[in-house]
Each structure stands twice: as C-alpha cells, then as structure tokens.
Amino acid sequence: MSDKLFCVWAYRMSNTQSYNFPVGLFSTLENAQKAAENHRMFRGGKYGHLIYEMKIGQEYDAEEFKPVLNLLK
C-alpha cells in the first residue's frame, strides 16, 4: 500500500475563489484523473478540477498544498 493519496477538488466554473468541494480520494493519479473527468462530464462541464497529492498522516497548511495536476479550464 502506498503512503500517499490523490485528492480531487472541484471548482465551479474553474474559479478557485468561488464554490468548491472535494470529489474524492484515490490511490493512484490515474484514478483521480478519471474521477475528475467523469465529474466534469456529469456536471455538464461547469467544474474544473485540481488534483493534490497528500501523504498519509501529514498535516498541510494552505501555502504548502500544491496541485500535482491542474485540470481547470
């Protein structure tokens, strides 16, 4: 088992300062990317996504939390 997870976060109209929420946690980047693409299609293209890599058991501050994949439009 890996010591990291990938968190998919959705942003309405790809606006990071507006309404946003988590889509899910995934064990691989590929599964996270598929989930983001499926969510975008399900929501009619109204959401863009950022995928973050998180190590299990590690705390993060907002400035430390950087996306590994940017799927914002």
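This is a predicted model: local features need pLDDT of at least 70, side-chain atom pairs count only at pLDDT 80 or more; totals for chains, interfaces and linings use all residues.
Start with S14, which lies in the loop connecting β1 (4-12) and β2 (20-26). Its relative accessibility is 13%, so S14 counts as buried, the cut-off for that class being under 20%. Setting aside residues up to four places away in sequence, S14 touches K46, Y47, G48, L72 and K73. With K73 there is also a specific atom pair: the side chain of S14 comes to 3.1 Å from the backbone nitrogen of K73.

Next is V68, in strand β4, which covers residues 67-71. V68 counts as partly exposed because its relative accessibility is 40%, and that class lies between 20% and 50%. Beyond its neighbours within four places in sequence, V68 is in contact with F6, L29, I51, Y52 and E53. H49 is 19 residues from V68 in sequence, and the C-alpha to C-alpha distance between H49 and V68 is 11 Å.

Side chains of opposite charge can pair when their charged atoms come close. In this model the count is 1 salt bridge. E53 pairs with K4, and their closest N and O atoms are 3.8 Å apart, inside the limit of 4 Å. K4 is partly exposed, with a relative accessible area of 29%.

Notes
Residues are numbered from 1 along each chain as its sequence is written. Side-chain values use heavy atoms; hydrogens and water are left out. Helices (H or I, at least four residues) and strands (E, at least two) are DSSP runs, numbered from the N terminus. Buried means under 20% relative accessible area, exposed over 50%, partly exposed in between (1.4 Å probe, protein chains only). A polar contact is a pair of N or O atoms within 3.5 Å; within protein, one must be able to donate a hydrogen and the other to accept it, and residues adjacent in sequence count only if both atoms are side-chain atoms. Contact means heavy atoms within 4.5 Å. A salt bridge is a side-chain nitrogen of Lys or Arg within 4 Å of a carboxyl oxygen of Asp or Glu.
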